[in-house]
Amino acid sequence: MNCEKCHKNHATIHLTAIENGVKREAHLCDECARQTGAISNFNFSIGSLLGGLMEPVKTPKMNQVRCPECGITYSEFKTKARLGCANDYEVFRSELLRLLEKVHGSTQHAGKTPHTVDAHIRKENELIRLKRDLDSVVKSEDFEKAAEIRDRIKTLELELNR
Amino acid sequence: MKVEELLSQSGEWLKGTGPESDVVISSRIRLARNLHRFPFLTVATPQVRSEVERFVRPRLEEGKLPRKLVYWSLGELSTVERTLLVERHLISREHEKAEGDRGVAVGADEAISIMVNEEDHLRLQVIRSGLQLDEAYDEIDRMDTALEGSLNFAFSPQFGYLTACPTNVGTGLRISVMMHLPAAALSKQMDKVLQSLQRLNYTVRGFYGEGTQPLGDFYQVSNQITLGKSERDIISELKRVIPEILKFERQWRHKLLEDEPRRLEDRVWRAYGILKHARRITSEEATDLLSALRLGVTLNVITGIPHKVLNELFIFTQPAHLQKIERKILEPEERDAVRAEFIRRRLEGL
């Protein structure tokens with residue numbers, strides 16, 4: 001089927017609209033759909049989704065908070081849903097913590113740590129991971145594995161307190 | 001290696017040989033990484049983008065990595081060549097369309113690729129045929145660890161690997177299992193599958209990822225959560241979900257075979273007939289019919305057509321592949337004729 005508008009390209013967008021009980025169909029190519037704006041109504045961006053998850057700021061001032069490194073403001077982050085640099089994670093920390101809790105159900109990394117990161121941090125991350133593992137192992141009643149994990153936790157805690 | 005040379009081969013993941021390959025086409029894992037002390041691409045000036053590429057490129061090309069990689073700077077490629085890389089699943093659509101210095105490093109068997117200056121400075125990806133999540137993760141983990149030797153990634157003990165979008169932060173890990181679910185779709189059961197997956201925090205997308213329609217009953221299931229769980233946990237959770245989908249699809253396949261063998265046979269043979277004789281065929285129709293044919297092959301309704309041939313036909317009949325094979329820009333109508341001929345020839349030889 002060819003596009004209704006340009007009659008040239010193949011119609012790839014098929015729209016059905018019901019207005020006042022009357023059904024209307026439109027068959028457009030990608031380009032014409034974009035031009036008529038038909039497509040943008042269906043473009044659900046991650047930006048709008050994340051923006052919706054973010055709570056309104058407590059003080060209007062928060063919107064103006066600017067990262068000294070990359071220069072983006074909190075309000076820019078909210079519209080783009082993209083951060084400008086690693087430092088933003090500290091600058092917008094309290095707002096991000098709430099957002100991450102909603103998106104991931106967690107605010108603490110429990111995965112791989114690069115070997116360039118110093119040993120102390122690596123151990124702390126391993127500790128977090130082990131404590132989490134311990135919970136699930138106990139739940140599944142694998143007590144042998146639980147004992148193993150507890151030993152490792154103890155060793156790590158000792159090393160970290162030293 | 002030139003982009004053109006990809007035409008004389010097909011990716012390892014298209015072999016159709018991996019475990020569960022009657023349903024699972026491929027297992028893909030990607031890691032998002034950013035360089036310490038460089039701004040993210042959201043705010044990067046053209047100068048910073050080139051600086052990132054100049055810094056990263058030699059480190060991807062050096063011989064010490066677990067896999068030898070070939071680097072293509074996307075600015076030096078034509079639109080058709082870049083689209084060919086999208087069709088091969090080596091780069092994303094966004095990466096193809098973006099502007100400024102950016103590139104991709106690819107392993108010879110196309111199982112591994114690393115996009116430079118996409119949404120994050122680095123996007124590592126490993127694809128394998130069938131359901132091979134642990135194997136795919138082992139490989140990407142080795143590459144990531146090797147890269148740590150020469151690149152300093154942005155990392156925080158609390159938030160993990162720092163990414164431009166907070167939906168990727170932590171592990172930066174996204175797993176996508178691409179499945180062919182024609183029987184579930186034909187029996188109008190896909191809504192059930194989609195709803196339960198969404199409830200479990202998985203997303204489902206089409207053949208070419210974000211924002212694409214499920215073409216030819218291919219669905220990609222991906223994890224959404226990247227923070228608060230280890231890589232292995234994210235993988236093992238998905239590994240518990242996938243077999244349920246496989247079981248569901250297979251049950252519906254057998255139900256079709258038992259309850260309505262004529263309907264199924266007719267659909268499969270009709271698809272074969274059109275594919276074998278048509279003189280013009282659109283990409284959508286071809287995908288649809290190849291999907292039906294693939295279902296017929298897995299259920300032995302029709303024999304003698306290897307999975308590899310079918311999997312390759314899905315990719316080689318995409319617009320950029322056809323234009324590269326013909327070595328010229330083709331209008332959509334010309335493409336339809338070339339596509340029909342390509343499919344005919346491929347099926348005739350069997």
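Reader: What covers the buried residues of α12(B)?
Author: This is a predicted model. The buried residues of α12(B) include R335(B), V338(B), I343(B) and L347(B). Among the elements that cover the buried residues of α12(B) are α8 (261-277), α9 (283-298), α10 (307-316) and α11 (319-326) of chain B.

Reader: How many Å should helix α12 of chain B span, at 1.5 Å a residue?
Author: The helix takes in residues 332-348, 17 residues.

Reader: Which are the edge strands of the open sheet in chain B?
Author: The sheet has 8 strands, with antiparallel pairing. Their order is β2-β3-β4-β5-β1-β8-β10-β9. Two strands pair on one side only, and these are β2 (69-73) and β9 (202-205) of chain B.

Reader: In β5(B), what is the bridge partner of I112(B)?
Author: Strand β4 (residues 112-116) of chain B runs antiparallel to β5 (residues 122-129) of chain B. The two are joined by 5 bridges. For I112(B), the partner in β5(B) is V126(B).

Reader: Is Y161(B) buried or exposed?
Author: Y161(B) forms an edge-to-face aromatic pair with F155(B), 5.1 Å centre to centre and 70° between the planes. R33(B) lies over the face of Y161(B), 3.4 Å from the ring centre. Buried means under 20% relative accessible area. Y161(B) has 1%, so Y161(B) is buried.

Reader: Over the ring of which residue does the charged end of R59(B) sit?
Author: The charged end of R59(B) is 4.0 Å from the ring centre. That ring belongs to F55(B).

Conventions: Residues are numbered from 1 along each chain as its sequence is written. Chains are lettered from A and ligands numbered from 1 in the order in which they are written. This is a predicted model: local features need pLDDT of at least 70, side-chain atom pairs count only at pLDDT 80 or more; totals for chains, interfaces and linings use all residues. Side-chain values use heavy atoms; hydrogens and water are left out. Helices (H or I, at least four residues) and strands (E, at least two) are DSSP runs, numbered from the N terminus. The expected span of a helix is 1.5 Å times one less than its number of residues. Buried means under 20% relative accessible area, exposed over 50%, partly exposed in between (1.4 Å probe, protein chains only). Contact means heavy atoms within 4.5 Å. Two strands pair if DSSP finds at least two bridges between them. Rings of Phe, Tyr and Trp (its six-membered ring) pair if their centres lie within 6.5 Å; planes under 30 degrees apart count as stacked, over 60 as edge-to-face and the rest as tilted. A charge sits over a ring if NZ of Lys or CZ of Arg is within 6 Å of the ring centre and within 35 degrees of the ring normal.
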